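Work through the exercises below with the sequence and the model side by side. Try each task before reading its solution.

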Amino acid sequence: MIVVDGPLLWAIYVTLATLSLAILGALFRVLQGPSLADRVVALDLVAYLAMGFLTTYAVLVGEETFIDAALVLGLLAFLGTVAVARYIERVRSGEALVDS
């Protein structure tokens, strides 16, 4: 286990705080987005910021498990974004069944 101290510890704390604020800003965009596409992009951003948070936290505590969780989160975020993009395209072309 690696002991983190000195300037690296402060850099990790600043990074975690910055990522937390960025996640809050992106969550605000998810809730207030003007369109579905904007909300999807913001949700994608939240997932990738959470990946950064998890990897930074993994460095802080010295656990490699968090890096694995971040990789799974990135894969799920990508697949979710592709699925929603295909859905939006089908709705706009009139192919999807949408409840009115």
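**Exercise 1.** In which helix is G25 found?

*Solution.* G25 is found in helix α1. Helices here are DSSP runs (H or I, at least four residues), numbered from the N terminus. This is a predicted model, in which local features need pLDDT of at least 70, side-chain atom pairs count only at pLDDT 80 or more, and totals for chains, interfaces and linings use all residues. Residues are numbered from 1 along each chain as its sequence is written, and side-chain values use heavy atoms, with hydrogens and water left out.

Next, take accessibility. G25 counts as partly exposed because its relative accessible area is 41%. The cut-offs are under 20% for buried and over 50% for exposed, with partly exposed in between (1.4 Å probe, protein chains only). Finally, find A42, 17 residues from G25 along the chain. Their C-alpha atoms are separated by 9.2 Å.

**Exercise 2.** Which residues form the largest nonpolar core?

*Solution.* Start with the rule: such a core is a set of buried Ala, Val, Leu, Ile, Met, Phe, Trp, Tyr and Cys residues joined through side-chain atoms within 4.5 Å. The largest one has 7 residues: L19, I23, A26, V30, A42, V46 and L49. Then assign them to elements. Helices α1 (7-32) and α2 (36-61) each supply at least two. The largest share, 4 residues, comes from α1. Last, trace the contacts (heavy atoms within 4.5 Å). Leaving aside residues up to four places away in sequence, L19 touches L49, G52, F53 and T56.

**Exercise 3.** Is D44 buried or exposed?

*Solution.* D44 belongs to helix α2. With 18% relative accessibility, D44 is therefore buried. Look across to its partners: beyond residues up to four places away in sequence, D44 touches A77 and T81. T81 is 37 residues from D44 along the chain, yet their C-alpha atoms are 6.9 Å apart.

**Exercise 4.** Which helix has the lowest mean pLDDT among the elements of the chain, and which the highest?

*Solution.* pLDDT is the predictor's confidence in each residue, from 0 to 100. Helix α3 has the lowest mean (93) and α1 the highest (96). For the chain, the mean is 91, and 94% of residues reach 70 or more.
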